[in-house]
Amino acid sequence: MLKMQVKKETSLIRPFVVCAVLRGIAFDEARYNSFIDLQDKLHQNICRKRTLVAIGTHDLDTLQGPFTYEALPPPEINFVPLKQVKHFRADELMEFYKSDLKLKKFLHIIEKSKVFPVIYDRNRTVLSLPPIINGAHSAITLKTKNVFIECTATDLTKAKIVLNTMVTTFSAYCERKFEVEPVEVISFDGNSSVYPDLSEYNMEVPLSYITGSIGVPLEVDEVTSLLNRMQVHAEQAGLGGNNINVSVPPTRSDILHPCDVMEDVAIAYGYNNIPKRKLSSLKPLPLNQLSDLIRYEIAMNGFAEVLTWILCSKKENFEMLNRKDDKTTAVVIGNPRSSDFEVVRTSLMPGMLKTVGHNKDHPKPIKIFEVGDVVLLDEKKDVGASNRRLLAALYCGANSGFELIHSLVDKIMEVMGTPFVPVGNSAGYYIELSDEPEFLSGRQAKIIYKGRRIGIFGIVHPEVLNNFDIPDPCTFLELDIENFL
């Protein structure tokens, strides 16, 4: 059995290594490309861009065991890297690969370390400088027959999974199919381990958990048959038992919990064959139900729904609406990445006007609405702020549109079962003249419901339209729909 001796210094940077050998592989161009692609895919996902695990594959016939895994100062490491023809010191390689589009993103993993990991054979030939590059001496080619696989890692569990994935996938191309030659790894303290570890992982899963989660009444033999179709060996636990013994092979490192077994049963059964059902515990919030009903009614009146950012700039939320920031209404973002996202909106108006400003060439009239949340500072809440669900509607066109927005208010109140009443009556709603700077004076009204102001509508002030680069007149409605709950 080949041996890999691990030196103590590796614990300073990349302490683990696992190895295996595949003998008698018959490579052709398709298999070779697949072999390289598998390594790249593993490096990107489970290896977390080589930070957790780095895979090295070598032509074993060009090397002589035993091997050593060491960590040395960069100037002491000298070899010819893959696809190069001259020798480089490890510190020179760091500079050389800073201009390489593929490898420069991995340099940060080790470049600031005092020692670099390196793997040697008996003749001090460098196999690899993990996790950066392999040596040219042991490069894999189409003529390679015996492959030595080493995985260096900061996470031993991930290293075992990656090695198992490599050998179980490509042992099918060995001269003696599915045969893997183990390698003994001897740590600096004398402990010895043999890799790869291809032992099965066993778990017992209750049948009730599987059928209850999927929602389909299945018998034990049906579940075991479905699992076997998914290449997971399963059998009934005991005579007449309702539990299932599952043996997870090394090819299925994704199975960690009974829920993964349940998912495999659902996949084999067929998602489309599972009857749809509504969970009794899944009831929509009254506010969301009301929001959906209001969306439907406004859409029936010819308005198109828009969705805008919940964050905006201070300028859009205040100055561009002719409002003053009194520091008591808006939640300010502590470290905004952009000046476009400085505060949480206190009104739906900036987003609606920006939408029209960016679509001013659209055929007129433009009729849009939004049902969304705003956030206001609120000392009564433990987080210091509260959400409010608002409805906003905007009409943009050459004609006034004021009567259209007014009629929309009446329609909403009608479907909410709220009658129009004389001023001062709390049995319904009425409107009063308002004086807000974002609307034209004398052409705006506030909506009073049960003695409280719940909204406002009117003709948008020309200065505000100019701030948002809108050439046509607009009328706007904003209403707090939470008052109807």
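This is a predicted model: local features need pLDDT of at least 70, side-chain atom pairs count only at pLDDT 80 or more; totals for chains, interfaces and linings use all residues.

Reader: Okay, what is the order of the strands in the open sheet of 7 strands?

Author: The order is 16-19-20-24-23-22-21, and the pairing is mixed. Strands (E, at least two residues) and helices (H or I, at least four residues) are DSSP runs numbered from the N terminus, and two strands pair if DSSP finds at least two bridges between them.

Reader: And which strands are at the edges?

Author: Strand 16 (304-305) and strand 21 (429-433) are the edge strands, each pairing on one side only.

Reader: How many bridges join strand 21 to strand 22?

Author: Strand 21 is joined to strand 22 (residues 439-449) by 5 bridges, and the two run antiparallel. Glu-432 has Lys-446 in strand 22 as its bridge partner, and the two strands form a hairpin with 5 residues between them.

Reader: What about strand 22 and strand 23, how many residues are between them in their hairpin?

Author: There are 2 residues between strand 22 and strand 23, and Lys-450 in the turn has a positive phi of about 55°. These strands pair in the antiparallel sense over 7 bridges, with Tyr-449 standing opposite Arg-452 in strand 23.

Reader: Where does helix 10 lie?

Author: Helix 10 (residues 402-415) lies across strand 19 (366-377), strand 20 (385-396), strand 21, strand 22, strand 23 (452-460) and strand 24 (474-480), and runs at about 20° to strand 24. Such angles run from 0 to 180 degrees between N-to-C directions, with axes being lines fitted to C-alpha atoms, for helices over the stretch in contact.

Reader: Switching topic, what is the order in the open sheet of 3 strands?

Author: That sheet has the order 13-15-14 with antiparallel pairing. Its edge strands are strand 13 (201-206) and strand 14 (233-236), each pairing on one side only. Strand 14 and strand 15 (residues 243-248) are joined by 4 bridges and run antiparallel, and Ala-234 stands opposite Val-246 in strand 15. Helix 5 packs on this sheet, touching strand 14 and strand 15, and its direction makes about 170° with that of strand 14; contact here means heavy atoms within 4.5 Å.

Reader: At what angle do the axes of helix 5 and helix 6 cross?

Author: The axes of helix 5 (residues 220-229) and helix 6 (residues 258-269) cross at roughly 85° and come within 9 Å. That makes helix 5 roughly perpendicular to helix 6, since angles of 65 to 115 degrees count as roughly perpendicular, those under 35 as roughly parallel, those over 145 as roughly antiparallel and the rest as oblique.

Reader: Last one: is Asn-146 buried or exposed?

Author: Asn-146 is buried, with a relative accessible area of 13%, and its place is in the loop between strand 9 (133-134) and strand 10 (147-153). The residues that Asn-146 touches, not counting those up to four places away in sequence, include Leu-22, His-58 and Asp-61. The side chains of Asn-146 and Asp-61 are joined by a polar contact of 3.0 Å. A polar contact is a pair of N or O atoms within 3.5 Å; within protein, one must be able to donate a hydrogen and the other to accept it, and residues adjacent in sequence count only if both atoms are side-chain atoms.

Terms used:
Residues are numbered from 1 along each chain as its sequence is written. Side-chain values use heavy atoms; hydrogens and water are left out. Buried means under 20% relative accessible area, exposed over 50%, partly exposed in between (1.4 Å probe, protein chains only).
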